[in-house]
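Please look over the sequence and the structure shown here, then read on.

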Amino acid sequence: MTRSEKTTFRQIIHLDLDAFYCAVEEQLDPSLTGLPFAVGGRPDQRGVVSSCSYAARAQGVRSAMPTARALHLCPQLKIVSPHYKTYHEASRKVMARVRAVTDLVEQISVDEAFIEVSDLSEDAESIGRRLQTEIRKELDLPNSLGIATNKLVAKIANDVGKAAKRSGSPPNALTVVPSGQEAEFLAPLPVEMLWGVGPKTAEKLALMEIHTIGDLAAISDYNLSKRFGKIGWDLARRAKGIDNRPIVTEREAKSISQEVTYVKDVHDGEKLRQTMRKQALNVAKQLKKQELVARTVKLKIRWPDFSTPTRQTTLAKPTSDGEIIAQAAIKLFEQIWQRGKAVRLIGVGVSGLSQPPQQLGLWDRDWDKERRIQEAIGKLQDQFGDQVISRGFLENEE
Ligand SMILES: [Mg+2]
């Protein structure tokens, strides 16, 4: 039996809205369009920048920067208070458009998602281009796409495509890394752009004269594993542009929890807190094993009369850190437990699971890292010409 000429590699689109909060603010107040402005907290209240317009970025303003510093860099910067409800409504509309294309969508934040289109008959680039235009024209939200055969390369392609557009307006970039060119595309990029390379690892790698992803790819898997343990094997694969992680939809990864029913009811607050801490650490271990982070922490408690209240809280940032989960659970516990009250069952769980956005998406959050990477890309471009990183990818018409 012969199979049709269908592609055998995967096709992943990474979608990222450009300066999303600012784009929504421009819809609310069109007079902001083109101006340097930032959504964030007021400088006299030690606020930080949540999102900044491209005109503001052109003057050095970045996300996560203290508002006071941003105003110092750009004195005419206008500070706008956030309208989170409106952002969430806009985000829902975007994700509905995306889900109209396929069910295989992994939303990783309010303005970012991976979309797997491997099984659709149309090629990823035409699907992406149409989606991009639709979101930009019909929802009035500029957005950039990265397209590759896996999540890692699609995300980095998008980051690179956005950074390469050095102008004062939204990039609306579309960056494609064709199948087979993953390693070649990654090779000139700074090693810090690789998922899993934090400042400490980057420092160790620099001591080994490893600065680019290509430098890393040239080291043998064995040597990397000797120096870095298990993460060394992962780094070796990622440096070559290999990433087999699936799209995780919310339906598949619902929740992880642990609970215990005591043989004898427990009155001792310290013992209950210890149990919750242990449960949180086990939940965190499960999360790490599955390479997931959680957005919501839940507490379940059963009183001796068998009534079973639950409480939940949303974290500021998704996490797989046991200590953060424990603290959130204990805080919930303190809200419903009175000293000395007997407890029959206690459980800690997490939901709202996704794959680590803070590692894949540092771009929007860590302006210092962003600046370093942008400088590195700029240097590469100065040294070898624009084609060094634009090779193998297309930019959108602007
Ligand atoms: Mg964004």
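Phe37 has Lys78 of strand 4 as its bridge partner. This pair belongs to the contact between strand 2, residues 37-40, and strand 4, which run parallel and are joined by three bridges. On its other pairing, strand 2 meets strand 3 in the antiparallel sense, again over three bridges. There Gly40 stands opposite Val49 of strand 3.

Taken together, the strands form an open sheet in the order 3-2-4, with mixed pairing. Strand 3 (49-52) and strand 4 (78-80) each have a single partner strand and stand at the edges, so one side of each lacks a neighbour in the sheet. Neighbouring strands are turned by 35° against each other on average, with direction ignored. Helix 1, residues 20-28, packs on this sheet and touches strand 2, strand 3 and strand 4. The direction of helix 1 makes about 70° with that of strand 3.

## The model and the chain

The model is predicted. The average pLDDT of the protein chain is 87, and 88% of the residues score at least 70. Over residues 358-365 the pLDDT is below 50, and this stretch has 16 contacts in the model beyond near neighbours in sequence. The pLDDT is also below 50 over residues 390-398, a stretch with 20 contacts in the model beyond near neighbours in sequence.

The chain has 398 residues, of which 39% are buried. Its secondary structure comes to 17 helices and twelve strands. Of the contacts between residues at least 6 apart in sequence, 66% join residues at least 24 apart.

In soluble globular proteins, nonpolar side chains tend to be buried together. In this chain, the largest nonpolar core has 40 residues, and Ile13 and Ile213 have the most contacts inside it. Helix 6 gives the most to this core, with six residues. Domain 1 (7-176) and domain 2 (185-247) both contribute residues, so the core lies between them.

Leaving aside neighbours within four places in sequence, Ile13 is in contact with Ile115, Val117, Ala124, Gly128, Leu145, Ile147 and Ala154.

## Helix 11 and its surroundings

Helix 11 covers residues 230-239, and its buried residues are Leu235, Ala236, Arg238 and Ala239. What do the buried residues of helix 11 pack against? They pack against helix 6 (151-164), helix 7 (182-186), helix 9 (213-217) and helix 10 (221-228). Just after helix 11, Gly241 takes a positive phi of about 80°.

## Strand 12 and its partners

Strand 12, residues 343-354, pairs with strand 9, residues 255-266, in the antiparallel sense over eight bridges. In this pairing Gln258 stands opposite Val348 of strand 12. Strand 12 also runs antiparallel to strand 10, residues 293-302, and nine bridges join the two. Here the bridge partner of Lys298 is Gly349 in strand 12.

Val348 also has a place in a relation with Lys278: the C-alpha atoms of the two residues are separated by 9.4 Å, although they are 70 residues apart along the chain. Lys278 lies in helix 12, which spans residues 269-289. Is Lys278 buried or partly exposed? Lys278 counts as partly exposed because it has 15 C-beta neighbours inside 10 Å, whereas a buried residue would need 20 or more.

Technical notes
Residues are numbered from 1 along each chain as its sequence is written. pLDDT is the predictor's confidence in each residue, from 0 to 100. Two residues are in contact if their C-beta atoms, placed from the backbone, lie within 7 Å. A residue is buried if 20 or more other C-beta atoms lie within 10 Å of its own, exposed if 12 or fewer, and partly exposed in between; C-beta atoms are placed from the backbone. Helices (H or I, at least four residues) and strands (E, at least two) are DSSP runs, numbered from the N terminus. Two strands pair if DSSP finds at least two bridges between them. Axes are lines fitted to C-alpha atoms, for helices over the stretch in contact, and angles run from 0 to 180 degrees between N-to-C directions. A nonpolar core is a set of buried Ala, Val, Leu, Ile, Met, Phe, Trp, Tyr and Cys residues joined through C-beta atoms within 7 Å. Domain bounds come from an automatic or database domain assignment.
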